[in-house]
Amino acid sequence: MTTHVDLRPVSVQQRTEGPGPRVLLLHGLAANDSVWARTLPLLPDDYQLWTARLPWRTETIAEWGEQPNLRGRLAKALEAVPGGPTVVVAHSMAANVLLDLLDQKNRGGVDALRQFGIRALVLVSPFYRRSADEFDWNTISYYLNDFHLIMEEGIRVHSDGRFPADLQEAMGRRVRDRVGPYGWFRFFDLYLRTPTLQTGRITVPTLVLGGERDFAARPDESLALAGALPDAVSRVLPGCGHFPMIEAAEEFAATVRDFVNTTMGVTPQRGTAPLNALEPQR
């Protein structure tokens with residue numbers, strides 16, 4: 001039987017019972033665990049797959065922005081996986097909350113990776129800037145005034161473009177309004193703090209995945225983050241936007257499988273991406 005652990009406003013669910021690596025998948029802002037629906041069947045059956053439902057999920061986005069401790073909420077999800085997640089796959093804002101959590105623990109003298117049992121990371125469409133100088137007024141204006149476009153993109157991808165453009169736009173603005181100013185500020189504050197992350201202390205093998213057409217977390221930010229980590233490889237998936245696990249599920253799953261199999265010493269599965277598709281960053 002699969003396991004469901006409800007720690008509201010956080011819950012985790014075991015999706016497969018394989019004996020292999022425990023892989024926990026974390027969704028981004030204004031999404032939920034359904035974002036992994038196309039990817040989950042493409043990952044090896046011998047993985048023990050878990051998904052989380054986090055405070056910033058679709059159903060509770062009107063409430064999460066005022067919660068004082070997003071790091072603590074995410075820590076609860078990590079701790080709810082028995083034995084700890086061997087690999088954490090985090091999309092978009094969840095990748096930023098995860099990096100923030102690891103950074104805060106490390107600064108407090110705690111080996112965060114050891115505490116949670118994490119041996120590898122997959123960061124998907126993360127937001128990252130190397131330097132505070134890279135944030136200017138135009139950046140703030142873009143993410144504030146065009147924030148609804150990111151929400152609209154999520155709706156378009158999830159619905160396979162079935163909605164008319166005007167309805168899609170209206171839905172994107174409605175989701176933006178549900179996130180609200182407090183929620184937007186929590187997101188952008190995480191983003192603003194990325195130049196201060198002590199990335200050199202996040203030493204586990206890491207795969208950073210970006211989308212070539214991502215206008216929210218641009219692909220050069222994925223490359224920059226991979227370059228700032230001690231043991232990272234990067235991959236920019238051609239033709240993809242902010243949701244590669246939906247837009248290119250087979251290629252996304254193959255790339256993740258190849259990375260996990262190589263990192264964990266698992267026997268390779270059929271259909272994995274070739275190793276030379278991954279670009280080491282130094």
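Residues are taken as buried where the relative accessible area is under 20%, and by this criterion both Phe135 and Tyr191 are buried in the predicted model. The structure holds 15 aromatic pairs. One of them is formed by Phe127 and Phe187, whose rings are arranged edge-to-face with 5.0 Å between the centres and 75 degrees between the planes. This pair connects distant parts of the chain, since Phe127 lies in the loop between β6 (120-124) and α4 whereas Phe187 belongs to helix α6, 60 residues apart. Phe127 is buried at a relative accessible area of 3%, and Phe187 likewise counts as buried, at 4%.

Phe135 and Tyr191 also form an edge-to-face pair, with a centre-to-centre distance of 5.1 Å and an angle of 85 degrees between the planes. Here too distant parts of the chain are linked, Phe135 being located in the loop between β6 and α4 and Tyr191 in helix α6, 56 residues apart.

Ser159 is placed in the loop between α5 (147-158) and α6 (165-192). Ser159 is buried, with a relative accessible area of 3%, and its side chain reaches the backbone oxygen of Arg156 at 3.3 Å.

Key: Residues are numbered from 1 along each chain as its sequence is written. This is a predicted model: local features need pLDDT of at least 70, side-chain atom pairs count only at pLDDT 80 or more; totals for chains, interfaces and linings use all residues. Side-chain values use heavy atoms; hydrogens and water are left out. Helices (H or I, at least four residues) and strands (E, at least two) are DSSP runs, numbered from the N terminus. Buried means under 20% relative accessible area, exposed over 50%, partly exposed in between (1.4 Å probe, protein chains only). A polar contact is a pair of N or O atoms within 3.5 Å; within protein, one must be able to donate a hydrogen and the other to accept it, and residues adjacent in sequence count only if both atoms are side-chain atoms. Rings of Phe, Tyr and Trp (its six-membered ring) pair if their centres lie within 6.5 Å; planes under 30 degrees apart count as stacked, over 60 as edge-to-face and the rest as tilted.
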